[in-house]
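Subject: A structure for you to look at

Hello,

Here is the structure I promised to pass on to you. Have a look around first, and then read on for what turned up.

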Amino acid sequence: MEKKTTLNMMSAATSVKGQGVGSAYIEQVNLVKEGLSDKFEVTENARIKADITHYHTINLGYYLGKKSRTKNGKSVGYVHMLPETVETSLNLPRFAKKIFYSYMIKFYDSMDYLVTVNPYFIGRLEHYGVNRDKVTYIPNYVSSELFHPVSYEEKMKLRDKYGIPRDKFVAVCAGQLQVRKGFFDFKEIAEKCPDMVFAWAGGFSFGAITDGYKEINKVMENPPENLKLLGMIERENMNEIYNIGDVMFLPSFEELFPMTILEAMCAHTPILLRDLEIYNDILFDFYEREKDVEGFIEVLKKLRDDKEFYAKAVENSKRGNEFYSKEHVTQMWDEFYTMVRDSINK
């Protein structure tokens, strides 16, 4: 019997609640453990020198210990952030950002291989001096066991649970409360569409250093009547949030590949996003897109009033869910890890 390749997953992603990085970590590890257990012996945060050490977060301790940990194997780094995505997320002093950004790129550059969830960022990594030949694109994945559609009756019960009117058109958003996520556009649209309900699930994962913390807190103290701020929702309950909505509306200005989009597509909920270049190569025609508040309002009203348009949006979301199937993404990880394993003794 052929000896299994040891694969050690290193991550602190689940230490902060409400982060997509944590959800992505859980899903990826489960996917590999279930689908590739015949080839790879998977451990998490183990004190071992594995054949492959996969760093899911860029902790300083990982960087300092990398040389000894990967002496006889290979390192893989997961690219979940770049300086431009942090720039609009955290309110840090300029000198602190400069140091952090420099460290981030240094961490990535120190890896033998990198994986990014969006092909757009291969070029961005190259811009920062990282060799694009060591970067592989593998999309995120979401389990359909945890995220799935529910019956109309269950949907109505869930609306009761979260204080959402049964007879209203509901736009839900899931993500950290940040300026980058388009929170203030979300609020403005709620004010301009008083006959709809807007529900936001998420909180301040990084507390007072979150960009826009004070301004968003003011809104939370006195939100528009039709804006429901649901706070941090445990991941095992997030399927309920996507199902109470008629549309998943994320007006974010900066993203890589939001797990919330994949989760909502699993529930077959239509997707409305800001028209960003980074979505072109990963979401294709699976979603509706607009550039500004007026455009978002126009699409939301069309989704509410045009049954044929809404049905098509549901089908698009279903197709997106099918495209990122478990089998497809598992195969990509199999090919990648096998390539890394084969390079160890070269």
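Two strands count as paired if DSSP finds at least two bridges between them. Keep in mind that this is a predicted model. By that criterion, strand β3 (residues 52-55) pairs with strand β4 (residues 74-79) in the parallel sense, over four bridges. Within this pairing, Tyr55 has Gly77 of β4 as its bridge partner. Strand β1 (residues 5-10) also pairs with β3 in the parallel sense, again over four bridges, and there Met9 stands opposite His54.

In a regular strand, side chains alternate between the two faces of the sheet. You can see this in β3: Ile52 and His54 point one way, Thr53 and Tyr55 point the other way, and all are buried.

Now to the helices. Helix α12 (residues 293-305) packs against helix α13 (residues 307-323) at an angle of about 100°, and their axes are 6 Å apart. The angle makes α12 roughly perpendicular to α13. On the α12 side, Val299, Lys302, Leu303 and Asp305 take part, and they meet Lys307, Phe309, Tyr310 and Ala313 of α13. By class, that contact has five nonpolar, three charged and no polar residues.

One more residue to look up is Glu240, in helix α9 (residues 238-244). Is Glu240 buried or exposed? Its relative accessibility is 18%, so Glu240 counts as buried. The side chain of Glu240 makes a polar contact of 2.9 Å with that of Lys161. Leaving aside residues up to four places away in sequence, Glu240 touches Leu158, Lys161 and Tyr162.

Enjoy exploring!

Best wishes

Notes. Residues numbered from 1 in each chain as written. Predicted model: local features only at pLDDT ≥ 70, side-chain atom pairs only at ≥ 80, totals over all residues. Heavy atoms only, no water. Axes fitted to C-alpha atoms, helices over the stretch in contact; angles between N-to-C directions. Helix = DSSP H or I, 4+ residues; strand = E, 2+ residues; numbered from the N terminus. Parallel < 35°, antiparallel > 145°, perpendicular 65-115°, else oblique. Contact = heavy atoms within 4.5 Å. Nonpolar A, V, L, I, M, F, W, Y, C, P; charged D, E, K, R; others polar. Buried < 20%, exposed > 50% of the residue type's maximum accessible area, 1.4 Å probe, protein only. Polar contact = N/O pair within 3.5 Å; in protein donor to acceptor, adjacent residues only side chain to side chain.
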